[in-house]
Amino acid sequence: MDLLHPQLAAFAAVLEEGSFDAAARSLSVTPSAISQRLKALEDRLGQVLVVRQSPCRPTSAGERLLRRVRPMQTLEAEAIADFLPEEAKAAHVRPLTLAVNDDSLHTWFLPAVAELHDSHGFLFDVRVDDQDYTLEHLRRGTVLGAISAERTPLQGCNVMPLGSMRYHAIASPSFVERYFPDGLSATAFGRAPMLVFSRKDELQWRFVRRITRARLEPPIHYLPTSTGFVDAAALGLGWCLAADVLVESALRDKRVVMVDPDRWFDVPLYWHYVAVRSGTLQLLGDALRKAARSALHT
């Protein structure tokens, strides 16, 4: 049973699934019906809402509408659960869309969503991005909430502090002996190969600038995997910043060492979510806060 207007449901499904055919399968209708409903909605609003490409994406008007529709879908599921308990399980078939940074995903985030799935049957559609960019997913309306390093809430959203993820500069013992025999310096940073998650990743650069106040051009490996960072450092590919919870076992086994145990870099994390009175979002926020306590610093 759907309470949401069929035109809005079709609009959201096209952007969630990425195509008219996939949206049709999701809603158990024909692609022609999806097309007709979306065109009727665009005619009613006088705006093109979806760019017809592969995958489909929202226009700026579509993003504004999507920011309204996402919370409506969550409230719809809650209303069905309240009035039709026998359909409550089916109401949670639509995944909750969230944006999270990779380090959180590989440390404390999964236990939180696993608990919610086990207790309430929630499904999740998780989008991974750098912590400085996850909030953009919420701004575009493609997710209900995001784990972000930004503390200022978006208009129409709430924010909750979670704690800080602590990063240490690590490398293999032989790498440190070769490149950092005298500790951290601009000269050493300038010649030592550096591991960077992606071109969005500013973490290592900020650490270097904090210590040296210099803008350097070291050799770089781009390696888009949080867990692989530790392995790459242990193999001598380069130095990197790694979350303390990810590097504990490698430090115990002496596969890596801290380049300077007295220096670290803290990244505060915040849970941003749409500002609606939703029991689902309340449960989600509580679970995230509880799980974050196990890995983040206050």
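**Exercise 1. The chain as a whole**

What percentage of the 298 residues of the chain count as buried? State also how many helices and strands the chain has.

Solution. This is a predicted model, in which local features need pLDDT of at least 70 and side-chain atom pairs count only at pLDDT 80 or more, while totals for chains, interfaces and linings use all residues. Residues are numbered from 1 along each chain as its sequence is written, and side-chain values use heavy atoms, with hydrogens and water left out.

Step 1. Buried means under 20% relative accessible area, exposed over 50%, and partly exposed in between (1.4 Å probe, protein chains only). By that rule, 48% of the 298 residues are buried.

Step 2. Helices (H or I, at least four residues) and strands (E, at least two) are DSSP runs, numbered from the N terminus. The chain has 13 helices and 11 strands.

Step 3. The C-alpha trace spans about 70 × 40 × 30 Å along its principal axes.

**Exercise 2. The nonpolar cores**

Find the residues with the most contacts inside the largest nonpolar core.

Solution. Step 1. A nonpolar core is a set of buried Ala, Val, Leu, Ile, Met, Phe, Trp, Tyr and Cys residues joined through side-chain atoms within 4.5 Å. The largest one has 56 residues, and W108, L162, F180, W239 and L288 have the most contacts inside it.

Step 1. Strand β6 (residues 157-171) supplies the largest share of this core, seven residues.

Step 2. A second, separate core has 22 residues, including A10, V14, A24 and V69.

**Exercise 3. A pair of helices**

Describe how helix α6 (residues 102-120) and helix α13 (residues 279-292) cross.

Solution. Step 1. Axes are lines fitted to C-alpha atoms, for helices over the stretch in contact, and angles run from 0 to 180 degrees between N-to-C directions. The axes of α6 and α13 come within 8 Å and cross at roughly 140°.

Step 1. Therefore α6 is oblique to α13, since angles under 35 degrees count as roughly parallel, over 145 as roughly antiparallel, 65 to 115 as roughly perpendicular and the rest as oblique.

Step 2. On α6 the contact is made by residues including W108, F109 and A112, and on α13 by residues including L283, L284 and L288.

**Exercise 4. The surroundings of D129**

Is D129 buried or exposed, and which side chain does its own side chain touch in a polar contact?

Solution. Step 1. D129 sits in the loop between β4 (124-128) and α7 (134-140).

Step 1. D129 is buried because its relative accessible area is 15%.

Step 2. A polar contact is a pair of N or O atoms within 3.5 Å; within protein, one must be able to donate a hydrogen and the other to accept it, and residues adjacent in sequence count only if both atoms are side-chain atoms. The side chain of D129 makes one with the side chain of H137 (3.0 Å).

**Exercise 5. Backbone details in loops**

Where does R213 lie, and what is its phi?

Solution. Step 1. R213 is in the loop between α10 (203-212) and β8 (220-222). Although not a glycine, R213 has a positive phi of about 60°.

Step 1. R213 counts as exposed because its relative accessibility is 73%.

Conventions: Contact means heavy atoms within 4.5 Å.
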